[in-house]
Amino acid sequence: MALQGSDKGFSGTSLLLASQDVPPVLEKTPNGASPFLLTCDHYGRLIPHQLGDLGLPESELTRHIAWDIGIAGVAESLSKQLDAHLVAQRYSRLVIDCNRPPEAASSIPRISEATVIAGNEGLGSDAARIRRQQIFDPYHQRIREVIDARVKRSLPTVLVSLHSFTPVYAGIARPWHIGTLYHRDMHLPPLLLKLLRAEADLVVGDNEPYAVSDDTDYTIPVHGEARGLMNTGIEIRQDLIGDQAGEVSWADRLARIFGEIEISLRARQLI
Ligand SMILES: [Zn+2]
């Protein structure tokens, strides 16, 4: 598509998403009755047409460095089963990582794992700002608006940030099937851990394979902790949700567990 109107004359940098590109934010079950608000920072692996393939072969653009494999199907099914609002982001984290502070070096990675991202090398500050303005900001603004609207209506909100992780990272195998990720919330993560550990077939990570921190995360610190919402991150190992059967089975399991969590939080008058 040709650049339009006032977008001409900026070497294309003022226009990232064009008419053939979908909006970054995808929502499911927006009027859901559940107290759980689901977010999915690494839902998709789209690349705006203007950025081509970021200099990468398809084999790189389909693996975990580009997105959280399998989590889209889990998130959509969980949203439906829990009747919970899901806010997800469709563009690849190689374009801009929606769970990194924009000022962090890893926000627009030059290297991910051992792969050099050619399309991100030598990126100017204007081009970086436009990625933020057109992908990162609308996604986080939408989460902010959703929470604002829920607060205004006095609806309880528990933030659940959904991710998946690669079974092997930099040559190291990871034993966990699922992990909880948290920092400051002392209510939800222990409850979730207890219920996950009661599932006899699971190896459960407690802040594994990652922990939440202000330097390496954005969604939980900004939308959960800073707003005083109960929150947790969830990481599911990608090979367990690599096909539809896996996605459905994990969504079913999490729907059952979050149903129990809701009952417990209500009984304790935490929501
Ligand atoms: Zn993720």
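Over the ring of which residue does the charged end of arginine 45 sit? Select arginine 45 and tryptophan 67: the charged end of arginine 45 lies over the tryptophan 67 ring, 5.4 Å from its centre. A charge counts as over a ring if NZ of Lys or CZ of Arg is within 6 Å of the ring centre and within 35 degrees of the ring normal.

Before moving on, note that this is a predicted model, where local features need pLDDT of at least 70, side-chain atom pairs count only at pLDDT 80 or more, and totals for chains, interfaces and linings use all residues. Residues are numbered from 1 along each chain as its sequence is written, and side-chain values use heavy atoms, with hydrogens and water left out.

Select arginine 253 and tryptophan 250. The charged end of arginine 253 sits over the tryptophan 250 ring, 5.0 Å from its centre.

**The zinc ion**

Select the zinc ion. His42 (ND1), Asp68 (OD) and His163 (ND1) coordinate the zinc ion at 2.0 to 2.1 Å. Donors here are N, O and S atoms within 2.8 Å of the metal (3.2 Å for Na, K and Ca); water is not among the atoms, so sites may look incomplete. Along the sequence, the spacing of the zinc donor residues is H-x25-D-x94-H. Histidine 42 is in the loop between strand S2 (36–40) and helix H1 (58–61), and aspartate 68 is in the loop between H1 and helix H2 (71–82), 26 residues apart. Helices (H or I, at least four residues) and strands (E, at least two) are DSSP runs, numbered from the N terminus. Histidine 42 and aspartate 68 are both buried. Buried means under 20% relative accessible area, exposed over 50%, and partly exposed in between (1.4 Å probe, protein chains only).

**Helix H2**

Show H2 next. Its end C-alpha atoms are 16 Å apart, which agrees with the 16 Å that twelve residues should span at 1.5 Å a residue. The expected span is 1.5 Å times one less than the number of residues in the helix. Colour the buried residues of H2: Ile71, Ala72, Val74, Ala75, Ser77, Leu78, Ser79 and Leu82. Which elements do they pack against? The partners are strand S1 (25–28), S2, strand S3 (86–89), S6, strand S11 (230–237) and helix H6 (244–267). Contact means heavy atoms within 4.5 Å. Step just past H2 to aspartate 83, which takes a positive phi of about 60°.

**Strand S11**

Select S11. Eight of its eight residues are buried. Met230, Thr232, Ile234 and Ile236 point one way from S11, while Asn231, Gly233, Glu235 and Arg237 point the other way. S6 and S11 run parallel, joined by eight bridges. Valine 158 stands opposite methionine 230 in S11. Strand S9 (178–181) pairs with S11 in the antiparallel sense over four bridges. Threonine 180 has isoleucine 234 of S11 as its bridge partner. Strands pair if DSSP finds at least two bridges between them.

**Aromatic pairs**

How many aromatic pairs does the structure hold? It holds two. Phenylalanine 36 and phenylalanine 258 are edge-to-face, 4.9 Å centre to centre with 75° between the planes. Phenylalanine 36 is in strand S2 and phenylalanine 258 in helix H6, 222 residues apart. Both phenylalanine 36 and phenylalanine 258 are buried. Next, select phenylalanine 136 and tyrosine 218: edge-to-face, 4.8 Å centre to centre, 70° between the planes. Rings of Phe, Tyr and Trp (its six-membered ring) pair if their centres lie within 6.5 Å; planes under 30 degrees apart count as stacked, over 60 as edge-to-face and the rest as tilted.

**Backbone stops**

Most residues other than glycine have a negative phi, and most peptide bonds are trans. Go to threonine 29, in the loop between S1 and S2. Threonine 29 has a positive phi of about 50°. Then pick serine 154, in the loop between H3 and S6. Serine 154 has a positive phi of about 55°. Is serine 154 buried or exposed? Serine 154 is exposed, with a relative accessible area of 64%. End at the peptide bond from glutamate 208 to proline 209, which is cis, with omega near 5°. Proline 209 lies in the loop between S10 and H5.
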